[in-house]
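This report describes selected features of the structure shown below. Please keep the sequence and the model in view while reading.

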Amino acid sequence: METTGYIALTRQSGLLKELQVVANNIANISTTGFRREGVVFAEEVRALNAEGGGIAMTSARVRFTDADTGSTTQTGGMFDFAIDGPGFFMVETPAGERLTRAGSFSTNAEGDLVSMTGYRVLDSGGSPIFIPPDAGKVGVAQDGTISIGGRPIAQIGIFEVENPQMLLREDGVLFRFEAEANPAENSRVMQGFLEGSNVNAVTEIARLIEVQRAYELGQNLLDSEDERIRSSIRTLGRIV
Amino acid sequence: MIALKIAATGMLAQQMRVEVIANNLANMNTTAYNPRRAEFTDLHYQQIQRAGTISAADGSILPAGVQLGMGVKPSAISMDVAQGALKQTGGELDLAIEGAGYLEVALPSGGTGYTRDGALKLTGDGQIVTSAGYPVMPDITVPDDARDLSINADGEIYAYFQDQIDAQFIGQLTLAGFTNEKGLEAIGGNLYRETAASGTARVGEAGKDGLGQFRQGYLEQSSVDPVRELTELIEAQRGYELNAKVITAADQMLSATTQIR
């Protein structure tokens, strides 16, 4: 008889997690290269009672990353890049290689091409890209080839992984990959553009309302369950 | 209730964006001003369930885990390095730099500052200084009897004197280039200082080694694009409101929680 409360509770705590995901998506509505995420609830059968009926509880089981491309905006920056297609840039962090879609790069004091957070951007062969300090105008072709004065000097590496759902998010709009990253085939580099966040305000607000109302519904259920137990205790108490 | 804090990081981020836009618009007519852009990255993630965890004895692997994000943080306010439009002023000591490079300025504190604001002036002694009165390096003094200064694209300054037919060479302005201009530290007054991120200044002759050239009689305008700033302002304002909405929703859910007994 106590299970009703617990089942409702799993739903409520799941909704709180979903609220957190919605809040995170909205907070990152203007984060370059951010991919919105969602939570999928799975049914978990925890116990079967004697009559053969099941008691199902729910838990936030799966997170998915929305792979839609965010809107690209023209910035005109020489080292601002957006990827048209499913590929990622590869950066070298102290903890290993990471993928990112945030192509807002610049050069560091040594002349290496680095990401916004200071990590070196890698070329198609996996080594850092050196931009000569006196380069002047740098052109980048759609396949990532960097050229100075018509002379190619390096190629920005665009990679993809077999199963993007296995990517782990890290702060700094980075993704950690476990399996191998292969050179991307259907991706083009666009110089002078940045990819915005792919969070859609309308969807997020709709989800927010849904989560809030579902939560209130759960609270109502808990309320009436509380009332039910109270009245049964009262009734039983009167008989004794 | 972490959602409240997450939405708060979002509101702070949008607020900062508005501040950056306000500063850009305020500097719409500042000589050689480059607009700044606030950039954001996501904060760390809470690993609720790791992707790739074995979910059963037969070795089934979870295809995707559960990670909860904690919000947003500003990662950089970077300078959009762009050439501003050149405005003709006709002033003989008004210099615009076309291309990369900064004028070196001796700061009163003893350090070196860098600027693209070429609205130069003369002191009573004939020394070439910036609008704020800081001497431009290398030190060039214009004799009092000189007239009609002419400065060519390479920064060579010539002047005519009463008793001579040909213009006399009196000095040459140099330019300083940086590996990473975005890494310069703005110190106000259109001045920048070099930092570890910008790399050391490469001082050289204008027009060589990727450095730009001088244009006498012109000033570089601010490269702020008001249309872009306004569209960003609208985005920032709506982003702020959306985050506020999340706070309201989280608050109402919290109050629903407190109402169960």
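Which residue takes a positive phi in the hairpin of S12(A) and S13(A)? The residue is A:Gly149, with a positive phi near 55°. The model examined here is predicted.

## The hairpin and its sheet in chain A

The hairpin of S12(A) and S13(A) has 2 residues between the strands. Strand S12 covers residues 145-148 of chain A, strand S13 covers residues 151-155, and the two pair in the antiparallel sense over 4 bridges. In this pairing, A:Ile148 has A:Arg151 of S13(A) as its bridge partner.

## An open sheet in chain B

Chain B contains an open sheet of 3 strands in the order S12-S13-S14, with antiparallel pairing. Why is one side of S12 (146-151) and of S14 (168-172) left without a neighbour in the sheet? These strands stand at the edges, and each has a single partner strand, so one side of each has no neighbour there. From one strand to the next, the twist averages 30°.

Strand S13 (residues 156-161) of chain B runs antiparallel to S14(B), and 4 bridges join them. One of the pairs involved is B:Glu156 with its bridge partner B:Gln172 in S14(B).

## A buried tyrosine in chain B

B:Tyr192 lies in strand S17 (residues 191-193) of chain B. Is B:Tyr192 buried or exposed? It is buried, because 24 other C-beta atoms lie within 10 Å, and a count of 20 or more is required for that class.

Leaving aside neighbours within four places in sequence, B:Tyr192 is in contact with B:Tyr102, B:Gly113, B:Tyr114, B:Thr115, B:Leu184, B:Glu185, B:Ala186 and B:Ile187. B:Thr115 is 77 residues from B:Tyr192 in sequence, yet their C-alpha atoms are 6.2 Å apart in space.

## Helix H1 of chain B

Helix H1 of chain B comprises 25 residues, numbered 2-26. At 1.5 Å a residue the helix should span 36 Å, and its end C-alpha atoms are 36 Å apart, which agrees.

The buried residues of H1(B) include B:Ala3, B:Ile6, B:Ala7, B:Gly10, B:Ala13, B:Gln14, B:Arg17, B:Val20, B:Ile21 and B:Asn24. An α-helix has 3.6 residues a turn, so residues three or four places apart point the same way. The buried residues of H1(B) pack against H1 of chain A, together with strand S1 (36-42), strand S4 (72-79) and helix H2 (226-258) of chain B.

## The contact between the chains

The contact takes 54 residues from chain A and 59 residues from chain B. On the side of chain A that touches chain B, the elements that give two or more residues are helix H1 (3-27), strand S2 (54-65), strand S8 (106-107), strand S15 (168-170) and helix H2 (201-239). The largest share, 10 residues, comes from H2(A). By class, this side of chain A has 24 nonpolar, 19 polar and 11 charged residues.

Note on methods: Residues numbered from 1 in each chain as written. Chains lettered and ligands numbered in written order. Predicted model: local features only at pLDDT ≥ 70, side-chain atom pairs only at ≥ 80, totals over all residues. Contact = placed C-beta atoms within 7 Å. Nonpolar A, V, L, I, M, F, W, Y, C, P; charged D, E, K, R; others polar. Buried ≥ 20, exposed ≤ 12 C-beta atoms within 10 Å, placed from the backbone. Expected span 1.5 Å × (residues − 1). Pairing = 2+ DSSP bridges. Axes fitted to C-alpha atoms, helices over the stretch in contact; angles between N-to-C directions.
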